[in-house]
Amino acid sequence: MAEGEEAPPGSWEKELAEALEEGGCDLETVRNIIQGRRLPDDLRAKVWKIALNVVGKGDGLASWDGSLDLPEQSIIYKDCQELIDQLSVPEEEKSVLLLDIESVITFYCKSRNVKYSSCLGWIHLLKPLVHLRIPRSDLYNCFYAIMNKYIPRDCFLKGRPFHLFRLLLQYHEPELCSFLDTKKMTPDSYALNWLGSLFSYYCSAEVTQAIWDGYLQQADPFFMYFLMLIMLVNAKDTILAQELDREEMIKFLETSPTNLDIEDIEDLFSLAQYYCSKTPASFRKDNHSLFGSSLLGLKDDDTDLSQALCLAISVSEILQANQQQGEGVRFFVVDCRPAEQYNAGHLSTAFHLDSDLMLQNPSEFAQSVKSLLEAQKQSIESGSIAGGEHLCFMGSGREEEDMYMNMVLAHFLQKNKEYVSIAKGGFMALQQHLADINVEGPENGYGHWIASTSGSRSSINSSVDGDSPNGLSDGKGVKSLVNKMTVALKTKSVNVKEKVISFIENTSTPVDRISFNLPWPDRASLERHVSSSDRLGKPYRGVKPVFSIGDEEEYDTDEIDSSSMSDDDRKEVVNIQTWINKPDVKYNFPCNEVKENGHMFPSHLLVTATHMYCLREIPSRKGLAYIQSRQALNSVVKITSKKKHPELITFKYGNSSTSGIEILAVERYLIPNAGDATKAIKQQIMKVLDALES
């Protein structure tokens, strides 16, 4: 079929039906066939069950005695009866269906120790599922899956999910957010039933099915936030016209989903996808524990989103975002620390805006802001790595010092500037992140991200490069882009605009570096061989292959990144699931491979009886991966983790001899539940070593 040519009517439905009939169909296969089209009614139940991952799940109610004896049972019965009355169900089936729905709610309350209330909106969540006409066991499994994956924790008035939604609204539509704030219209006042029922509270059955068709296939609980955002964006003109009083406006917003037609759903999802692509990944990553089991929620940090000034971005995302090519979120970082702190060391792509000027010298502050916006514009146009349409403000990370920065942030928000965020943890978090991710020292990893405008250089650089004590070199070292910008701002007689443009066009020049005052290894101490008395990787069991496990309390000095040991077989493309299911694969650990420059790649660590494989996922080819590395278990000489980041695991491979251990390769992985993974790998290594000894 020619590209762009639509499939004949009914052909894709037939393909979908055949795929579902064969069984073993996964969500990716289903998505590829459907391609955003509306599901046929007779196939919806099977597709939703696949999307909710309940295919083949047992009957959760099988062990239940069927007692309908909760204190609030009469309320449950009444709500279930009202739902039945709304459905077109033959009279003889009503009693059975009523019992099924009441049983599902009652058992869920008992098993989850939850008190039922009509305002929870569960009836509205069950309504689309009841339309599927599925058995009670499937009805319960689907309801449980939706509650667990798609209904956020604290979905009630003044709950955390609605504070998060306000931050998202402020990020994209600051004018609308500010207006609603002045009217004291918080998101929970109009969107409680949007989120709590996934729009089924207000939408017709047909529209709800269409929304859920797309939403469940997305398999992303946060996507509902963007659908909600589009509802507000569509109502923006009416809201800002101010022709309604507060109560009328809340009612207008709350009921706006009732106006959705089936024809609107495609545009609704397209717009939501667009806003989603313009949103930093930290929005999801830092709030993922809103969804899922309650045990995960207990580990969540207790950040009070209701007190957040704006959306917070992790420093790791800031670094990674500006290295990527093409579309995506890119940040223009604004360092708001005092000049002396900025001069001592700063992110090399950051623009300096001294927040103290806001009170001390308002006219100079205004000029600085004007120059900042001009610099941002020109950096985007020139394709500079410092460029980005998303403004991210960075403070020191110490609350008492960042008071003025918060005033600057508020200034930009009051001007209705979109895409405004704050670097989470400030410059202190940046330093810590670079130290944690880079064990090679500032010369070999992320060190180039840190620049000094004061002329001082680290003691490491001085001792290695032979610089004079004051750090002044031969003058050829060129200061960073933002250092030049700062100089331009300080020199009032220069034409700032022209200077900024010329600075942005020269961002590839080297920058001075600053020490973190952390224990980077001396270059002179780098040795590939470890003596037999060295406490790092100390040999034992004679000279047989050995390994040790421990905390990475210091930066190791004997590492060679495995990326330097590439070979053709690493680029072999394999099917991930096929490899995971191989009979000789004993363990599979989903993880992120971490390169020395901080880049992370979604991967899988597979452990067999004798080897460990890293399969790196191919983003453009779902389900496929490159074999990134093959390592014999008996070549593992050391496994280390960091105390502050126990999930970052370093594997060192090498040979042992009487003179010590030779490190040949190093691999790092970010592994969830790393303790379980390292324990399993250790046990398998011990088996290999025992077999070699015997």
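Biologist: How many salt bridges does the count come to here?
Modeller: In this predicted model, the count comes to 20 salt bridges.

Biologist: Okay, and which residue does K110 pair with?
Modeller: K110 forms a salt bridge with D69, and their closest N and O atoms are 2.6 Å apart. This pair links distant parts of the chain, since K110 sits in helix α5 (residues 91–112) while D69 is in the loop between α3 (44–51) and α4 (73–86), 41 residues apart.

Biologist: Is D69 buried or exposed?
Modeller: D69 is exposed, because its relative accessible area is 51% and the cut-off for exposed is over 50%. K110, with 32%, is partly exposed.

Biologist: What about K278, what does its side chain meet?
Modeller: The side chain of K278 meets that of E389 in a salt bridge, at 2.8 Å from N to O. K278 lies in the loop between α14 (265–277) and α15 (282–285), and E389 in the loop between α20 (362–382) and β5, so the pair ties together parts that are 111 residues apart in sequence. K278 is buried, with a relative accessible area of 16%, whereas E389 counts as partly exposed at 32%.

Biologist: Switching to the sheet, what's the strand order?
Modeller: The open sheet has 5 strands in the order β1-β6-β5-β2-β4, with parallel pairing. Its edge strands are β1 (311–313) and β4 (351–352), each of which pairs on one side only.

Biologist: And how many bridges join β1 to β6?
Modeller: There are 3 bridges joining β1 to β6 (residues 420–423), and these strands run parallel. I313 has A423 in β6 as its bridge partner.

Notes
Residues are numbered from 1 along each chain as its sequence is written. This is a predicted model: local features need pLDDT of at least 70, side-chain atom pairs count only at pLDDT 80 or more; totals for chains, interfaces and linings use all residues. Side-chain values use heavy atoms; hydrogens and water are left out. Two strands pair if DSSP finds at least two bridges between them. Helices (H or I, at least four residues) and strands (E, at least two) are DSSP runs, numbered from the N terminus. A salt bridge is a side-chain nitrogen of Lys or Arg within 4 Å of a carboxyl oxygen of Asp or Glu. Buried means under 20% relative accessible area, exposed over 50%, partly exposed in between (1.4 Å probe, protein chains only).
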